[in-house]
Amino acid sequence: MSSSAHLRPDRGLSTVLQVRSRTYATAIIHARSRRPVSCIASAAVEALRSTDSSSSVQSPSVKLFYRTGWDRAVVHGSVSGGPWQDFPLTSDSGTPDRWLVAKIPLPSSSTSSSGASNGGPLLEFVVADATRRNWDKPSEGGNYRLDSPGVFSLRGGALRRVGGRPVLLVSDLDGTMVGDDGATAAFRSWWEEAGALRGGVLVYNTGRSLSSFLDLLRTKSGCMGVPDALVLAVGTCVYLRHPHGGPPDSPQGWVEDAEWSAALNEGWNLKAVRDACYQALGEVGSESMHFRPPEEQNPHKVTCGVADGAVGRVVASVQQQLAAAGVGANVITSGHGGWKYLDIVPLRAGKLQALNHVRRHFGFSSASTVACGDSGNDILMLSGENLAIVVGNAQPDLRQWAQQRQAAEPPLPSGKHRLLLATRKEALGILEGLEHFGFKA
């Protein structure tokens, strides 16, 4: 890479060095000592129990996903033979694209495995558009009927129960989810028709900035699925879908996770980090080091380009300056081609740390979380307690690491390994892995 070149976000194998101040290291140790041991569990342990559903007793209900060309629609129905009433169909940030959803509460006394207590259907209904001029009814006549609570989808006259395990899928973008548009579209089709409807959550974990991701989403709008959350810029930024914001391909469609940003502030000093980089730049000269463009910087990440021959000297200088300033940080080098990226981020930042933050936010266990990647800079999130997929087109350094890791780890209770080396490439490899782990029928 020349001093002005832009590498693609896939940076290859990464080296992570930690700089800890004495005060910060003590704070981390104390925080860990207070953490209940029961919160730390491997995928093998968590596979033996169900931790993804709420322990509280929930009232019975019908959740109906409806897909049509109508912008607005309403379910008109009768619960347990009672009066007919309207249940609105809505679309929000938690609803898969192109689907409307209605949540219909059911009285506990009216539910059973075989319908309502009066012998009729538990729920009898039709769907109408906003004008009430167009109605969706079964082609054979009559009304749609359901005899039990649960999650259902209705599309093109086909009423189906939505089954299967929900999964938190955390995927790298370039070379993993994105690359072959046909494979990307195949994943989106399955996700919108099945994965998301059963309660799945899609997260993209990438080195891209928010503006770079939005550009990609607009470019790939015909094939790329819209995520529920983003982990960006080497795990220094987490964004969630804005519940009342703009479309997902606009900045207004996202809101930064303030809790994650606050966590990264501990022990972090942006000015000290930039000063350390300026000091190193003065030592090796602008021929061997430069600050990357502003869009690659953020309040929790300083990124520079460093010539291969100067990497060791620059890293040593930065580490020395940060230690002297009492700043804890990860110093990460990655890339190839004559130049390296140098990222300095908080100790708590990183693809795996951010993955676990998002996992806890959405309430998933490690056994129901799957990370997917294709290059060395995905190793951290692939090496956690969660399940992992290495796609078939993965770079040699990652495949070598994955083979060694797979050989070293004991299998899960199912006999399968936590980490799968897929044979199919890119997003088709993700689908292969999801089927292997039992999330895709």
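**Close-up views of a predicted model**

**View 1. A hairpin joins β18 and β19.** In this predicted model, four residues lie between the strands of the β18 and β19 hairpin, and Gly 335 there takes a positive phi near 105 degrees. Strand β18 covers residues 329-334. Strand β19 covers residues 339-346, and the two strands run antiparallel, joined by six bridges. Look for Ala 329: its bridge partner in β19 is Pro 346.

**View 2. Strand β18 is mostly covered.** Six of the six residues of β18 are buried. In a regular strand, side chains alternate between the two faces of the sheet. Here Ala 329, Val 331 and Thr 333 point one way from β18. Asn 330, Ile 332 and Ser 334 point the other way. Both sets are buried.

**View 3. Eight strands form an open sheet.** The strand order is β15-β14-β13-β12-β11-β20-β21-β22, and the pairing is mixed. Which strands stand at the edges? They are β15 (254-256) and β22 (419-421). Each has a single partner strand, so one side of each is left without a neighbour in the sheet. From one strand to the next, the twist averages 20 degrees.

**View 4. Strands β11 and β12 pair in the parallel sense.** Strands of a sheet pair through backbone hydrogen bonds, either parallel or antiparallel. Strand β11 spans residues 168-171, and strand β12 spans residues 201-205. Four bridges link this pair. Leu 168 stands opposite Val 201 in β12.

**View 5. Helix α3 crosses α11.** Helix α3 spans residues 181-195. The axes of α3 and α11 come within 7 Å and cross at roughly 40 degrees. From α3, the contact residues are Ala 183, Thr 184, Ala 186, Phe 187 and Trp 190. They meet Ala 427, Leu 428, Ile 430, Leu 431 and Leu 434 in α11. How many residues of this contact are nonpolar, polar and charged? Nine are nonpolar, one is polar and none is charged.

**View 6. Helices α6 and α7 pack at an angle.** Helix α6 covers residues 270-284, and helix α7 covers residues 311-325. Their axes are 9 Å apart, at an angle of about 140 degrees. The two helices are therefore oblique to each other. Their crossing is right-handed. Residues in α6 that take part include Ala 272, Val 273, Ala 276 and Glu 283. Among the partners in α7 are Arg 313, Val 314, Ser 317 and Leu 322. The contact residues of α6 and α7 divide into ten nonpolar, three polar and two charged.

View 7. Most residues other than glycine have a negative phi. Ser 80 lies in the loop between β3 (73-79) and β4 (85-89). Why does Ser 80 count as buried? Its relative accessibility is 17%, and buried means under 20%. Arg 132, at 34% relative accessibility, counts as partly exposed.

Conventions: Residues are numbered from 1 along each chain as its sequence is written. This is a predicted model: local features need pLDDT of at least 70, side-chain atom pairs count only at pLDDT 80 or more; totals for chains, interfaces and linings use all residues. Side-chain values use heavy atoms; hydrogens and water are left out. Two strands pair if DSSP finds at least two bridges between them. Axes are lines fitted to C-alpha atoms, for helices over the stretch in contact, and angles run from 0 to 180 degrees between N-to-C directions. Angles under 35 degrees count as roughly parallel, over 145 as roughly antiparallel, 65 to 115 as roughly perpendicular and the rest as oblique. A crossing is left-handed if the near helix is turned anticlockwise from the far one by less than a right angle, and right-handed if clockwise. Contact means heavy atoms within 4.5 Å. Ala, Val, Leu, Ile, Met, Phe, Trp, Tyr, Cys and Pro count as nonpolar, Asp, Glu, Lys and Arg as charged, and the others, Gly among them, as polar. Buried means under 20% relative accessible area, exposed over 50%, partly exposed in between (1.4 Å probe, protein chains only).
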